[in-house]
Amino acid sequence: MEFRPADVTAMQEALALARQSLLSHDPDVPVGALLLGPDGDTLAASANRREALSDPTAHAEVVVLREAAVARGDWDLAGCTLIVTLEPCPMCAGAAYLSRVDRVVFGAWNEEYGAAGSAWDLLRDRRLPHRPEVVGGVLADECGAVVREFFERLRG
């Protein structure tokens, strides 16, 4: 799938969240995510919050899905687009699927844990009745650089 100009703009916003996390020396892996409503407006935005909240499920994607559901007053996020700087893991891909988002747009591929086309392809599994459109590689180099810098710092 080809990405849209609006995908690039939204990814730049998500990337800013990831960079802010990196620059603040946040202990979480610097991943940023947005959930866009059907009209393209941002319903929720977050970086990973796992360490800050001591919550193993507080990946950026799950945080924005939760916040957007509360804002809309409905768990069904049909018509929405999830934008994330790193390919979703199986948990996040499952959450996106179960929330019925229409599109998942991500930046860097996650060869080790990605569940949107690299290690697994949960979102496009033909056995599932709902398959969101998946668009990968939007600003991939920039998104990947933030994660690489984080892990280089950890290694010292």
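**Buried cysteines and an enclosed strand**

Modeller: C143 is buried, with a relative accessible area of 2%, where buried means under 20% relative accessible area, exposed over 50% and partly exposed in between, for a 1.4 Å probe and protein chains only. This is a predicted model, in which local features need pLDDT of at least 70 and side-chain atom pairs count only at pLDDT 80 or more, while totals for chains, interfaces and linings use all residues. Residues are numbered from 1 along each chain as its sequence is written, and side-chain values use heavy atoms, with hydrogens and water left out.

The closest cysteine sulfur to that of C143 belongs to C92 and lies 15 Å away, which is too far for a bond; a disulfide is a pair of cysteine sulfur atoms within 2.5 Å. The whole structure holds 0 disulfides.

Strand β1 (residues 32-36) is largely enclosed by the rest of the structure, because 5 of its 5 residues are buried; strands are DSSP runs of E, at least two residues long, numbered from the N terminus. G32, L34 and L36 are buried on one side of β1, and A33 and L35 on the other.

β1 pairs with β2 in the antiparallel sense over 5 bridges, pairing being called when DSSP finds at least two bridges between two strands. A33 stands opposite S46 in β2, and its bridge partner in β3 is V84. S46 is itself buried, at 7%, and its contacts (heavy atoms within 4.5 Å) beyond neighbours within four places in sequence include L17, A33 and V64.

Note on methods:
Helices (H or I, at least four residues) and strands (E, at least two) are DSSP runs, numbered from the N terminus.
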